[in-house]
Amino acid sequence: MRNRWLRIGALAGALFAINLVARGVANFAFDGDTDMQDRTSLVFFGVVALVLAAVAFRWGRDRPVGVLLADMAAAVLIACLATVLLGPAVFGANPVGGGAGEFFAQIWLYAGFSAAGFLLGYLLLVVLAKDYRSRQLAAYSKAKLSKPRRVVRR
């Protein structure tokens, strides 16, 4: 159980670190240009989706889909809360300074890109038949086919 929470925390920390880098680039490189800040934000969400796709692809090999989904959802929830509430505070801004619409838009964007990244990674894993369930079914069929057929006497 300890290792499970360690993996969840490491993923959430990595996602939050990506957010801090994106916020730093947006604040220091494009201080007054809101168009470039918006583009940086979209690039950040794209990177989050790619990281989650890679993690879903890697973790999906060793875990059933229910465990995988719970682990990924916990990490994304923790990272989303940290991104929305702590991220602006690190750079001296108010988390709800842009209004409720901007606050909730960031949460919805994070949720949407996270779900898309997870689905991309997991569905690619299923298509390649490398997921946990496909590997179980392949081992079962191999074991069944390796036994000789019983002869029925009448």
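## How H1 and H2 pack

Helices H1 and H2 pack at an angle of about 160°, and their axes are 9 Å apart. That angle makes H1 roughly antiparallel to H2 (angles over 145 degrees count as roughly antiparallel). The crossing of H1 and H2 is right-handed, a term used if the near helix is turned clockwise from the far one by less than a right angle. Axes here are lines fitted to C-alpha atoms, for helices over the stretch in contact, and angles run from 0 to 180 degrees between N-to-C directions. Helices are DSSP runs (H or I, at least four residues), numbered from the N terminus.

Which residues make the contact? On H1, they include Leu11, Leu15 and Ile18, and on H2, Phe44, Val48 and Trp59 are among them. Contact means heavy atoms within 4.5 Å. By class, this contact has 14 nonpolar, four polar and one charged residue (Ala, Val, Leu, Ile, Met, Phe, Trp, Tyr, Cys and Pro count as nonpolar, Asp, Glu, Lys and Arg as charged, and the others, Gly among them, as polar).

## About the model

This is a predicted model, in which local features need pLDDT of at least 70, side-chain atom pairs count only at pLDDT 80 or more, and totals for chains, interfaces and linings use all residues. Residues are numbered from 1 along each chain as its sequence is written, and side-chain values use heavy atoms, with hydrogens and water left out.

## How H1 meets H3

The axes of H1 and H3 cross at roughly 35° and come within 8 Å. This crossing, too, is right-handed. The H1 and H3 contact has 17 nonpolar, three polar and three charged residues.

## The largest pocket

Now for the open spaces. A pocket is an open set of points on a 1 Å grid over the protein atoms alone, where a 1.4 Å probe fits, with protein on both sides within 12 Å along at least five of seven lines; lining residues have an atom within 4 Å of a point. The largest pocket holds about 670 Å³ of space, a volume being the space filled by probe spheres set on the points.

Its lining has 27 residues, with Arg23, Gln37, Ser41, Glu102 and Gln106 nearest the centre. H1, H2, H3 and H4 each supply at least two residues of this lining, and H2 gives the most, with eight. Twelve lining residues are nonpolar, twelve polar and three charged.

## The second largest pocket

The second largest pocket has a volume of about 190 Å³. It is lined by 13 residues, and Ala73, Val76, Ser114, Ala115 and Phe118 are the closest to its centre. H3 and H4 are the elements that give two or more residues to this lining. Its residues divide into twelve nonpolar, one polar and no charged.

Note on methods: Angles under 35 degrees count as roughly parallel, over 145 as roughly antiparallel, 65 to 115 as roughly perpendicular and the rest as oblique.
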